[in-house]
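User: I am new to reading protein models, and I would like to go through this one step by step. Could we take it as a series of questions?

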Amino acid sequence: MNQNLSEILNIYATQNHKAVSLYLLEQSKDSLIALFNDLLTTYINDKNSSTLREFITVNIAGYKHSPEKIGYNGYKHSSTVAGEPYMCEAKPKNFNSEDYNKYKKGDRKHSPAKLNGQGNFTDYTWGRFEKDKIANLNMLISGFVDGRLLYILEFPFNSSDFTLNLEQQLQKKLPNGDETNSYLRSANFTYKNFINCNELNICYLLPAIQLAEYKNYITHDFHQWILSKTK
């Protein structure tokens, strides 16, 4: 970690905001740039939190981010239809190239999961499934490599292939409906569960020449599919 960043974090946590301001004022322009870049790099690649990646996904897709832990990740108002806003649920996935390089060198047993439009709902239930269907929300699926955004794909939660996949997993785990203290720990999906949706919208996608730089971090079939969507 950048030494200046380490120092400012210690000051922020143990002193008042005035002390933080004084420390920053003493730094050169280059030091401040390096500090800020290091902070962004650390935060956006945090394996234990997707907050910043979630915010980027929601914001670039044209929604207003909702910081609350409970509820959907964002919303926006339709320009043509009055009433309730459109809600969205963001599922960002970040691929760490350092983990992949460790695998290639033999320092890691298993290759990290490559990007394939994947995502999941933790501790899922029939009740939550029905709530999500009623909410008529939109899904935002995004992929990052080392914090660099590659794509954002948007589609309605109620897409038939998507809901069928979730329903099948719930049926297998909870065949008799919801039970106390019983959950589907991870309801998973990939691009195969939504690519045939007629309402699929590509909110953001790197040009083909730049996507090629990341092909080792994306599954072959998904890489071919997103390449076909580039302009």
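User: How much space lies in the largest pocket, and which residues are closest to its centre?

Analyst: This is a predicted model, and in it the largest pocket holds about 1,200 Å³ of space. The pocket is lined by 40 residues. Those closest to its centre are Ser50, Glu54, Ala90, Lys91 and Pro92.

User: Which element gives the most residues to the lining of the largest pocket?

Analyst: Helix 4 (51–60), strand 3 (86–95), strand 4 (119–124) and helix 6 (126–135) each supply at least two residues of that lining. The lining as a whole divides into 10 nonpolar, 16 polar and 14 charged residues. The element that gives the most, with 7 residues, is strand 3.

User: Which strands stand at the edges of the open sheet?

Analyst: The open sheet is formed by 6 strands with mixed pairing, in the order 1-2-3-5-6-8.

User: How far apart in sequence are the parts that the pair Asp99 and Lys47 ties together?

Analyst: Side chains of opposite charge can pair when their charged atoms come close. The side chains of Asp99 and Lys47 meet in a salt bridge at 2.9 Å, N to O. Because Asp99 lies in helix 5 (residues 97–105) and Lys47 in the loop between helix 3 and helix 4, the parts they tie together are apart in sequence by 52 residues.

User: Which residues make the nonpolar surface patch of about 260 Å²?

Analyst: One of its members, Phe36, lies in helix 3 (residues 29–44). The patch of about 260 Å² is made by Phe36, Leu39 and Leu40.

Definitions and conventions: Residues numbered from 1 in each chain as written. Predicted model: local features only at pLDDT ≥ 70, side-chain atom pairs only at ≥ 80, totals over all residues. Heavy atoms only, no water. 1 Å grid on protein atoms, 1.4 Å probe; cavity = no way out; pocket = protein on both sides within 12 Å on 5 of 7 lines; lining within 4 Å. Points joined across faces, edges and corners; volume = space filled by probe spheres on them. Helix = DSSP H or I, 4+ residues; strand = E, 2+ residues; numbered from the N terminus. Nonpolar A, V, L, I, M, F, W, Y, C, P; charged D, E, K, R; others polar. Pairing = 2+ DSSP bridges. Patch = residues over 30% accessible without salt bridge, like charges linked within 9 Å, V, L, I, M, F, W, Y side chains within 5 Å. Areas by Shrake-Rupley, 256 points an atom, 1.4 Å probe, with all protein chains shown as cover. Salt bridge = Lys/Arg side-chain N within 4 Å of Asp/Glu carboxyl O.
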